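Reader: I am new to this structure and would like a close look at a single part. Please take me through the place where the chains meet.

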Protein chains: 2
Amino acid sequence: MSERGKPNQRLGNNKRDELVFMALGGLGEIGMNVYLYGYGPPNARSWLMVDLGVTFPHESEPGADVVLPDLRYIVSDRKNLAGLVLTHGHEDHIGAVLDLWPSLECPIFATPFTAGLLKLKFGEAERKSLPVRTIPLGGRFQAGAFDVEFVGLTHSIPEPNGLAIRTPAGLVFHTGDWKFDATPVVGKSHDVAKLQSLGDEGVLAIVCDSTNAMRDGRSASEADVAKTLTKIIADAPRCVAVTLFASNVARIVSVAAAAHKAGRTLIVAGRALHRIIEVAIETGYLPESFTYLDQQRFADVPRNKVVVLCTGSQGESRAAVARIAEDEHPDISLDKGDIIIFSSRTIPGNEKAVGRVQNGFARLGVDIVTDADALVHVTGHPRRDELKDMYAWLRPKIAVPMHGEALHLRANGKLARACGVKETLTIVDGEMLKLWPEPASVIDEAPVGRLYRDGNLIVPDAEGPVKSRRKLSFVGIAVVSLVLSRRGEVLSEPGLVLEGIPAADSDGEAMREVVYDAIDGTLRSIPPKRRSDAAMVQEAVQRAVRSAINEAWGKKPVVKVLLSVVEARG
Amino acid sequence: MSERGKPNQRLGNNKRDELVFMALGGLGEIGMNVYLYGYGPPNARSWLMVDLGVTFPHESEPGADVVLPDLRYIVSDRKNLAGLVLTHGHEDHIGAVLDLWPSLECPIFATPFTAGLLKLKFGEAERKSLPVRTIPLGGRFQAGAFDVEFVGLTHSIPEPNGLAIRTPAGLVFHTGDWKFDATPVVGKSHDVAKLQSLGDEGVLAIVCDSTNAMRDGRSASEADVAKTLTKIIADAPRCVAVTLFASNVARIVSVAAAAHKAGRTLIVAGRALHRIIEVAIETGYLPESFTYLDQQRFADVPRNKVVVLCTGSQGESRAAVARIAEDEHPDISLDKGDIIIFSSRTIPGNEKAVGRVQNGFARLGVDIVTDADALVHVTGHPRRDELKDMYAWLRPKIAVPMHGEALHLRANGKLARACGVKETLTIVDGEMLKLWPEPASVIDEAPVGRLYRDGNLIVPDAEGPVKSRRKLSFVGIAVVSLVLSRRGEVLSEPGLVLEGIPAADSDGEAMREVVYDAIDGTLRSIPPKRRSDAAMVQEAVQRAVRSAINEAWGKKPVVKVLLSVVEARG
């Protein structure tokens, strides 16, 4: 592919229409979901983007606040981008819209709850409003070559939608994040008849959530969690606090109901929860009359008469629950005999942070309940038996596993094959899969990558500041300043900054001595008349310093030499 | 305690003998086990150290290779340190001996396998040999005020020992790491009669492993794992690779036996495995005739006739299994239809790294078997029913939970109380617990902390280079060089290094312009005659640069100003 990465400009004379699918994020790592469907001839495709999410930075990306997808592939063809459809409101599906929509400027389609979350984000950031077309639940709209129908499913947030995407090549069912929950507490259950009728209509391809494809059986219901929470709260002798994913409105409803039943007052701590509750009331998922107290009121209510809802289930150090665990929350304190419920799962990578918070509670003598102790959380993704039902009802020709790491995608692909799906194609980010005409195959590859929100800037990954900082975090930096005259005389003592490099002794001078000796030795080895070659002097000093530090420390730091040449006036 | 942190110099006239226990690591975080027993009057205690381990650095300790305990408390009283007893050979119990023994210079007591590992380490590092007294299994020796008897238990390495420490104040049983395994594959099973006889003798206190105190039931046996491995290897159509903790000699024996039974050749990849096998042969845990091929021979044997043992079960990026997963191993390659068995558990904090390796195998089409799929690993630590047996057999007066995070220590303490132990005292690192005379209580606090092996130096945590690098990893660094004459004239363009700070535009100049403007503005605001105050100029420029970058970026970097004053000769 000589024109790799440039859409609609492929070589050759192929003018036949094609239906293609690809991801700029979401196939190979969990989070940062961005999918593209293209229809039309290779040189003039109509594009539809599905979701535009973020993910957490790795350990190897220090100081990055959040990771965003690199959209260069679609930005270069944005005139043909008919729209962005959002399946649901989780950050890994909508979190990059605020930062990246300005590079797309396409219409956005979302159901009311998702649209409400998005508008709130834009409002809080004081950005200009977005062209969001709010589509009712079960609604259908046209965008470019795509006839898109929202198909309600169940998940861990209100309004999770699958998308029935109809094209002249056939119908693709894009599941979004889903599970089958007959009693989801808020919103409707999934509609079996609807899914079966799509199957009857004929499904060319399913693009399907793989998160739990390695887990047997079926996921439990949100209503089961509600029962457990009701019992724990009813039996508790003293204060109960519950930490959860703020967007889980069903869980908020369950905790509020359990509190009410036990004659306890609900107290809410954490901005994300207030925001979600606001949108949930606006969109009818919580009643207008939904009442709770702010955290400041904690001290006003007897301990055995409150339930505290709080953010921070992933161990985020500045969230409410971490501050309570450290006994540093301004309003709320828990102690011996109180109960903290982690009504959440720990996202891989956050285990240590969550452990730290739980250890804090253990030190306070607070009883800790996690999903290892009781059914206080359920997954929002389909386990294997649910996937089997989905494949049986839709009977797709093609299955493309989505939303997962390589392990999950592979397991989902295997399962689909076992369920009788003829073609299962496990691709990774950037691979362009032709779904139609037959045979389905990878036909191109687009550039993909990670951008970072770093402070208030968006920065690239390769050769960017995050990578530089990662290097600094391992080896530190030495900066030397030299002042020479035009004739090459050294006019001043060299200046030296060592950051992140061991002093190598207790008074902190040994490493500095090592470096000064290296500088002096190098300068002595270059006669003044040859020092007019500033670049040569810089390089020689740089190399000598690097090597001297390596000798003393066993690591080679970043070394920079700032050389100033001053007009001699003598 | 006005003399906090200085052993044997407490105020007051208390000359009565006491028995005390404390940890310099191991109570509050898993890993880095270092325990101290003291007997005698407060101003002249005889000390016994048990274990001297390391732990992995946190994410917040970038560039540190390994974390070591801060021994300042005992170093200042090392003349009274009668010895260091090593319970077993895991790194979290012996890993700091190489670096820190020189500050102690006390005799070391260990059983043959542990002593063999230690000597090998010292030999490889070309350090002088240690005064290791090799004590036979079940052996007994005197060190200072302590009469110490090794009591064989079971664990995931040969020769795990509990210690019956007899003092004039009574007998303390220090469990070390243990479980009850009736069929441990190598070594003897635990000796119930011996433990019961210690109970009959009378146990003042037990200091007991808490790792699995939150898990019900009993741990499975190493022999059960052997059966599972035998079956998987017998049934495998093609190559099988097994990754494991290198020190798990029983597991090596099981895999070798399974390979032999299936008519397959054992191939060993990874230096740590070779080292363990060497010591295991020397100490009789593997037969002299133990045969295997080196990794270079992989290509010489048909794929369905080999079993590969490899290091790297924790996702270590340079270990054999990670390189095989990336298809970058010089000798060994796995592909579709081959099986990789993770015969290990993932230590908290390593989940992402292990996931990366497993995803690599998924991409290659290799089938992955973990302990979630089959009994291919068992824990080496006691679950709740085993702890109950231990408490029942020993009937101690006092229980002190050890080896765990706050959560685990607490759970173990609760369980001991439920088992009828009268006093359970859950303390954390640094707290000195008086075990005798009654009542048991915390009477003092010693300084504890973390040191790092950083390159080839040992560096402190507080205000050390690791902390500086952590800061650099978040905010980067700006270094400015200025050249002024004695009269305050600027003699040269300022020099500037920006590392880890965004360029803020695509050509990389915007941030530099921002900084140069800030420098120029600051210099203009200070008249030349006032510039003789170099510190003032430096500080003003530093503040201006920091604030200008913060304005543009939203983060405040480390800023250093190197100011050279040159003799004006004009």
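Author: What follows describes the contact between the chains of this predicted model, and then turns to two single residues.

Begin with the extent of the contact. Chain B contributes 66 residues to it, and chain A likewise contributes 66 residues. The size of an interface is often given as the accessible area lost when the parts come together. Here the area buried between chain B and chain A is about 5300 Å², and carbon and sulfur atoms give 59% of that area.

Next come the polar links across the contact. Between chain B and chain A there are 24 residue pairs in polar contact, with both residues at pLDDT 80 or more. On the side of chain B that touches chain A, 28 residues are nonpolar, 19 are polar and 19 are charged. Salt bridges between chain B and chain A number 6. One of the salt bridges joins the side chains of Asp454(B) and Lys555(A), with 2.7 Å from N to O.

How the chains are arranged is the next point. Two copies of a chain are related by a rotation about an axis and a shift along it.

In chain B, Glu149(B) belongs to strand E10, which covers residues 146-152. Glu149(B) has a relative accessibility of 8%, under the 20% limit, and so counts as buried. Its side chain makes a polar contact of 2.6 Å with the side chain of Lys194(B). Leaving aside residues up to four places away in sequence, Glu149(B) also touches others, among them Gly138(B), Arg140(B), Leu163(B) and Arg166(B).

In chain A, Glu316(A) sits in the loop between strand E17 (306-310) and helix H9 (320-325). Its relative accessible area is 39%, which falls between 20% and 50%, so Glu316(A) is partly exposed. Glu316(A) and Pro465(A) are 149 residues apart along the chain, and their C-alpha atoms are separated by 24 Å.

Technical notes: Residues numbered from 1 in each chain as written. Chains lettered and ligands numbered in written order. Predicted model: local features only at pLDDT ≥ 70, side-chain atom pairs only at ≥ 80, totals over all residues. Heavy atoms only, no water. Contact = heavy atoms within 4.5 Å. Buried area = accessible area lost by both parts, 1.4 Å probe. Salt bridge = Lys/Arg side-chain N within 4 Å of Asp/Glu carboxyl O. Polar contact = N/O pair within 3.5 Å; in protein donor to acceptor, adjacent residues only side chain to side chain. Nonpolar A, V, L, I, M, F, W, Y, C, P; charged D, E, K, R; others polar. Helix = DSSP H or I, 4+ residues; strand = E, 2+ residues; numbered from the N terminus. Buried < 20%, exposed > 50% of the residue type's maximum accessible area, 1.4 Å probe, protein only.
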